[in-house]
Structures are given as C-alpha cells and as structure tokens.
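Me: I have a model on my screen and want to learn how to read it. Can we go through it feature by feature?

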Amino acid sequence: MAGSSVPPLSRPQLAEARRVRAVELFEEGASNAEIARAVGVCSESVRRWRRVWEEEGASALRRRAATGRPPKLDVDQVETVRAALERGARAHGFEADLWTLERVGVVVDRVTGPLVRETYDTPALIEVLEQVKVFYRGEQVVLVWDRLSAHWSRAMRAWVAEQDWLTLERLPAYAPELNPVELLWSSLKKRELANLAGDHLADVADATEQGIHRINRIQQLPWSFLAHTGLTIHPPHPPNLRKAQ
C-alpha cells in the first residue's frame, strides 16, 4: 500500500528468521558451511541448529514464549514511555539528542515514577544460566567470571556443582589485561562499532555479529588475543595452524 512501511524486524525475530531459513536449507540437503554463508552466522551455530532440528524437529527452533520475571511496567506505562522517548532526548533537557541507557532510565523514572532498579543477584544469574543451558543444550560450556559476590555465593556454588555441562573459571580481583575478551571488544569498537549510532538495537547487534564473523575469518586473530594476555596456552597453537611435522 502506498505510504505504508514495514517495521524492521526485532533482534529475536531476525534470529528466528535465520533459523527458519536454515531449516529450509537442511531439508534441501545444503551443507553447514553453505547454510552459514547463506544466513550470515558461524558454522558452529548451524551445527547446533542442525542437532536440535534432527533431535526435536523444526518447531524446536521457533521462538518460545519468554520466561523470567514479570515486567515492572504495564501496557499503558510502556506506551507512555514510548511516546516520551519519541520526543527525543533534547525534549527532556539533555544537551545532545542521543539516547543512552542512563538517560532512558531517567526518563522512565520521570514519566512512571521511580522504579526499584534491581541488580544481578544469585537467583537472577542462575535464571540466566538456565537459559544458557537451553541455548547450548548438549554442549560443554566454560564460563570465565570476575569476582562479583553473586558469581561465587554459596547458593551459586551449590547450583553449579549439580551442572555437569558447566565449568566456572575465576578471574583475578582486577586484571582486564588477562581477559582476552577485552581485546575482542577493542577490535569491534575500532571497526564495526566505531561512531555507530543505529536507529534500533538490532543495528548494533548486527554490526557486532559482523565484527565477530570478521575476527573468526582471520584464524590467527582470536589466538592473538589469548597470546597478548601473556598466559600459557595449551596447546600453544590452534590445531589448524600447527606446522606439519
């Protein structure tokens, strides 16, 4: 229809569309590498989707109803916040017409009344890990965590002890130089995320995913992040980069 526009897909909708297209390609007999290129994800994601598809069928790759804690805002309050944000940041007294998470929080408090801002505690983190377990079903996961008290509480350690799929490793009290992920983020911020001001959160997520794909394509780059920390790596070189004996 003239004058109409199709709203952009949300991040969850875009992810589901990729999985649905992957299922179509599974049924056509395409290889994992072909599907990864076609839908723009890494081969590991395709392998995980294929395993779920083979074991549980295409419906298992559809979006599931969100679980977790109920929202703090009702439908009317959400619409009030939406209308306030659409006026732009300057309309609320900010110097630059740019939204940040902190500014959004200020506006939400103004138009709905102060909300109790919850921090991550042990139950909330366990809830997140339960979702990670579903996402990486059947796979072993190593999670490197800092020393946040909720990460190492008695309840958290008791829960982790019952999870045969999860291994936790602890970072020193403060040692960003020992965290290779810091270098990964630095690479993304200097390339794909440099001066990025997307209209939607999905714009940032897509740019980040493109950057991760770029890093994955350069086989030595992720290993250079590890090597830069100065830690001993076992094996010292990735198998696909070792010199032939």
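Reply: Start with contacts along the sequence. This is a predicted model. Take contacts in the chain between residues at least 6 apart in sequence: 51% of them join residues at least 24 apart.

Me: Is Ala17 buried, partly exposed or exposed?

Reply: Buried means under 20% relative accessible area, and exposed means over 50%. Ala17 has 36%, so Ala17 is partly exposed.

Me: How much of the chain is buried?

Reply: Buried residues make up 27% of the 245 residues. The accessible surface comes to about 17,200 Å². Carbon and sulfur atoms hold 54% of that surface.

Me: Now helix packing. What angle do H6 and H7 make?

Reply: Look at the angle and the distance between axes together. H6 (residues 122-135) and H7 (residues 154-161) pack at about 25°, with axes 9 Å apart. Angles under 35 degrees count as roughly parallel. H6 and H7 are therefore roughly parallel to each other. The crossing of H6 past H7 is right-handed.

Me: Which residues of H6 and H7 meet?

Reply: From H6, pick out Thr122, Leu125, Ile126, Leu129 and Glu130. From H7, pick out Ala155, Met156 and Trp159. By class, this contact of H6 with H7 has six nonpolar residues, one polar and one charged.

Me: Let me try a second pair. How do the axes of H8 and H10 cross?

Reply: H8 covers residues 180-190 and H10 covers residues 220-228. Their axes come within 8 Å and cross at roughly 130°. Sort the angle as before. Roughly antiparallel needs over 145 degrees, and roughly perpendicular runs from 65 to 115. An angle of roughly 130° makes H8 oblique to H10. H8 passes H10 in a right-handed crossing.

Me: Which residues make the contact between H8 and H10?

Reply: H8 supplies Pro180, Leu183, Leu184 and Ser187. H10 supplies Phe225, Leu226 and His228. Five residues in this contact of H8 with H10 are nonpolar, two are polar and none is charged.

Technical notes: Residues are numbered from 1 along each chain as its sequence is written. This is a predicted model: local features need pLDDT of at least 70, side-chain atom pairs count only at pLDDT 80 or more; totals for chains, interfaces and linings use all residues. Side-chain values use heavy atoms; hydrogens and water are left out. Buried means under 20% relative accessible area, exposed over 50%, partly exposed in between (1.4 Å probe, protein chains only). Contact means heavy atoms within 4.5 Å. Accessible areas come from the Shrake-Rupley method with a 1.4 Å probe; for residues, only the protein chains shown count as cover. Axes are lines fitted to C-alpha atoms, for helices over the stretch in contact, and angles run from 0 to 180 degrees between N-to-C directions. Helices (H or I, at least four residues) and strands (E, at least two) are DSSP runs, numbered from the N terminus. A crossing is left-handed if the near helix is turned anticlockwise from the far one by less than a right angle, and right-handed if clockwise. Ala, Val, Leu, Ile, Met, Phe, Trp, Tyr, Cys and Pro count as nonpolar, Asp, Glu, Lys and Arg as charged, and the others, Gly among them, as polar.
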